[in-house]
Amino acid sequence: MMGYSYGQSDAPVMCFNGAKSWQLGWYADKSILVPGTPNYSETFQLSGIADYPTAEKVIMKINVDVSPNDYYVLFNRKTGVNSGTVEGGNQVLITQAGGEGNAYATSDLLAKLNAGQSFDLADISGTITVDSINLNVVPAIATVTVFTNSLAPTVTPASCLNPETPSSTARRFQFEITTDNYPGETTWTFTDKVSNNILAASPVYSVQNQVHLEPEICEEVNQSETGRYEFKIMDSYGDGLCCAYGNGGYKVFVDGRQVASGGDIGSEEIYLYPEAGAPTTPTPVTPNPTPSPVTPNPTPNPTTAPVTPNP
């Protein structure tokens with residue numbers, strides 16, 4: 001028996017912790033492996049092990065390359081085969097253990113998190129945050145975000161913070177995603193190809209046939225750097241977002257203007273901005289002033305021909 005053993009033979013009804021559950025390999029098809037590398041940020045949705053048959057993901061391992069101990073994240077949903085859990089019910093539990101999740105090792109419970117709480121992942125200079133816990137859906141879902149503190153912060157241009165003084169080179173990017181019948185297959189990234197920084201990435205989509213208008217991203221754009229910004233949308237199954245299994249799709253907006261869209265993307269589709277040959281923002285042309293109307297000189301009255309008197 002792995003872990004603490006209680007006196008009752010048939011109770012309490014509860015599951016192993018995250019580290020032991022990973023080691024068992026029972027949930028390998030619904031597990032998430034997160035690299036503990038710099039410049040990483042992603043949001044995931046976890047359901048409880050008790051909801052394994054209908055859940056998309058139930059357990060997460062965060063690799064730590066600089067230490068033999070890895071982190072394990074589990075949503076400890078208190079229901080079904082886990083209804084008797086006596087600690088951390090309906091919370092997100094973080095444990096740590098060695099052995100790479102494949103061999104025996106002592107595991108330690110590090111944190112029990114509610115929605116809005118965070119835990120520092122000291123070994124990788126990172127943080128895990130529980131964004132929300134929703135017990136009113138089936139299966140219940142805990143949304144968690146993992147990132148490393150070495151991720152360079154995205155600086156929002158002043159022109160985006162203060163629309164009253166816009167910069168001619170600032171652009172507002174926004175993405176609208178409509179999921180199909182299999183929302184969990186859809187992911188996207190928005191990347192600065194010059195710095196190779198991922199500026200934004202998709203959340204975990206779980207609701208079928210729903211429109212998601214993602215938050216705006218503000219970046220300074222040099223129109224001469226063709227294709228610097230890459231929006232890449234992917235479908236893990238390879239059948240796209242439309243039209244065999246739903247009518248999903250995507251739209252890309254720049255400064256509120258739609259510049260790209262699609263749905264039948266196969267495995268992936270890429271949109272690059274600025275587009276090749278895209279016009280730069282034109283310099284306003286000041287028209288020549290309209291000349292004042294010229295008032296013509298009045299036409300003199302015709303001169304009367306002299307009259308020759310009769311002889």
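Which residues does Ile-62 touch, not counting residues up to four places away in sequence? In this predicted model, the list is Val-34, Asp-70, Tyr-71, Val-73, Leu-121, Ile-124 and Val-146. Ile-62 also has a place in the largest nonpolar core, a set of 24 residues, where Met-60 and Ile-62 are those with the most contacts inside it. Apart from that core lies another one, of 22 residues, among them Ile-177, Trp-188, Phe-190 and Ala-260.

**How confident is the prediction?**

The protein chain averages a pLDDT of 79, and 77% of the residues score at least 70. Two stretches deserve a careful eye. Over residues 150-159 the pLDDT is below 50, and this stretch has 20 contacts in the model beyond near neighbours in sequence. Residues 278-287 also have a pLDDT below 50, with 5 contacts counted in that way.

**Aromatic rings**

Now to the rings. The count comes to 13 aromatic pairs. One of them brings together Trp-26 and Tyr-27: the ring centres are 6.3 Å apart and the planes stand at 80°, over the 60 degrees needed, so the pair is edge-to-face. Are these two partners buried or exposed? Trp-26 is exposed, because its relative accessible area of 51% is over 50%. Tyr-27 has 12% relative accessibility and counts as buried.

Elsewhere, Phe-173, Phe-175, Trp-188, Phe-190, Tyr-229, Phe-231, Tyr-250 and Tyr-273 form one aromatic cluster.

Strand 11 covers residues 186-192 and includes Thr-191. With 11% relative accessibility, Thr-191 counts as buried. Leaving out residues up to four places away in sequence, Thr-191 touches Asn-196, Asn-197, Ile-198 and Leu-199, together with Arg-228, Tyr-229 and Glu-230.

Ala-111 sits in strand 6, which spans residues 107-113. Its relative accessible area is 8%, so Ala-111 is buried. Which residues is Ala-111 in contact with, leaving aside its neighbours within four places in sequence? They are Val-92, Leu-93, Ile-94 and Phe-119. Val-92 is 19 residues from Ala-111 along the chain, and their C-alpha atoms are separated by 8.0 Å.

**Cysteines**

How many disulfides does a search of the whole structure find? The search finds 1, and this disulfide joins Cys-242 to Cys-243 with an S to S distance of 1.7 Å. The link is right-handed, with 75° about the S-S bond.

| Residue | Relative accessible area | Class |
|---|---|---|
| Cys-218 | 12% | buried |
| Cys-242 | 13% | buried |
| Cys-243 | 52% | exposed |

Note on methods. Residues are numbered from 1 along each chain as its sequence is written. This is a predicted model: local features need pLDDT of at least 70, side-chain atom pairs count only at pLDDT 80 or more; totals for chains, interfaces and linings use all residues. Side-chain values use heavy atoms; hydrogens and water are left out. A nonpolar core is a set of buried Ala, Val, Leu, Ile, Met, Phe, Trp, Tyr and Cys residues joined through side-chain atoms within 4.5 Å. Buried means under 20% relative accessible area, exposed over 50%, partly exposed in between (1.4 Å probe, protein chains only). Contact means heavy atoms within 4.5 Å. pLDDT is the predictor's confidence in each residue, from 0 to 100. Rings of Phe, Tyr and Trp (its six-membered ring) pair if their centres lie within 6.5 Å; planes under 30 degrees apart count as stacked, over 60 as edge-to-face and the rest as tilted. Helices (H or I, at least four residues) and strands (E, at least two) are DSSP runs, numbered from the N terminus. A disulfide is a pair of cysteine sulfur atoms within 2.5 Å.
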